[in-house]
Amino acid sequence: MFIPITGYDNYSINEDGVVMRRSSNGRCSFVKATLDSNRRYKIVTLWKGSRRKTFMLHNLVAENFGIPVDVVKRHLYEGYSINNSTAKENVKSWVRDRLYKCCKDQDTFHDEILYLKKILSILD
């Protein structure tokens with residue numbers, strides 16, 4: 001979902017850091033992000049009138065979506081999801097599956113089952 005960038009009426013951004021520019025004739029184009037001088041973070045240049053300003057892409061996303069900068073950096077540069085509920089659900093699913101297998105196996109120690117139940121209660 002694209003939302004307008006604060007202070008730049010003809011630009012929009014989404015959570016993945018894609019910046020879109022709407023020209024005066026109604027056409028849309030994407031703004032290419034480049035790497036900063038340290039080749040570590042992505043930057044974009046936005047124009048307002050005849051003036052340009054360069055922004056760190058993660059700061060634009062964080063500011064416009066109200067997400068902490070550290071979360072956005074992890075999402076943009078390391079591939080983590082902004083919404084971490086899917087990761088939590090994946091872990092819970094794995095723990096449930098492991099618990100089921102342990103309960104079926106006669107050779108499983110009772111402590112392991114108790115430990116898995118404790119982890120599941122913490123995740124819920």
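Buried means under 20% relative accessible area, exposed means over 50%, and partly exposed lies in between (1.4 Å probe, protein chains only). The views below come from a predicted model, in which local features need pLDDT of at least 70 and side-chain atom pairs count only at pLDDT 80 or more, while totals for chains, interfaces and linings use all residues. Residues are numbered from 1 along each chain as its sequence is written, and side-chain values use heavy atoms, with hydrogens and water left out.

View 1. A salt bridge is a side-chain nitrogen of Lys or Arg within 4 Å of a carboxyl oxygen of Asp or Glu, and the structure holds three of them. K92 is buried, at 9% relative accessible area, whereas E89 is partly exposed at 41%. Helices (H or I, at least four residues) and strands (E, at least two) are DSSP runs, numbered from the N terminus.

**View 2. K101 pairs with D97, and R98 reaches across to E112.** In the K101 and D97 bridge, the closest N and O atoms are 3.4 Å apart. Both partners are partly exposed, K101 at 47% relative accessibility and D97 at 38%. R98 and E112 have their closest N and O atoms 3.0 Å apart. Because R98 lies in α3 and E112 in α4, this pair ties together parts that are 14 residues apart in sequence.

**View 3. Helix α4 has a buried side and an exposed face.** I113, L116, L120 and L123 are buried. They cover an arc of only 85° around the axis (taken from the directions from the helix axis to the C-beta atoms), which puts them on the same side of α4. Turned away from that side are the exposed residues H110, D111, Y115, K118 and I122.

**View 4. Helix α1 is largely enclosed by the rest of the structure.** Seven of its nine residues (57-65) are buried, including L57, H58 and N64. The buried residues pack against β1 (3-5), β2 (8-13), β3 (19-22), β6, β7 (51-56) and α2 (69-78), where contact means heavy atoms within 4.5 Å. Just after α1, G66 takes a positive phi of about 70°.

**View 5. The largest nonpolar core has 18 residues.** Such a core is a set of buried Ala, Val, Leu, Ile, Met, Phe, Trp, Tyr and Cys residues joined through side-chain atoms within 4.5 Å. I5, Y11, I13, V19, V44, L46 and L60 touch the most other members. The largest share, five residues, comes from α1. Another core, of seven residues, lies apart from this one and has L99, C102, I113 and L116 among its members.

**View 6. D36 is buried yet has no salt bridge.** D36 sits in the loop between β5 (34-35) and β6 (42-48). Its nearest side chain of opposite charge, R40, is 7.1 Å away (Lys and Arg count as positive and Asp and Glu as negative; His and the chain ends are not counted). Leaving aside residues up to four places away in sequence, D36 touches Y41, I43 and M56.
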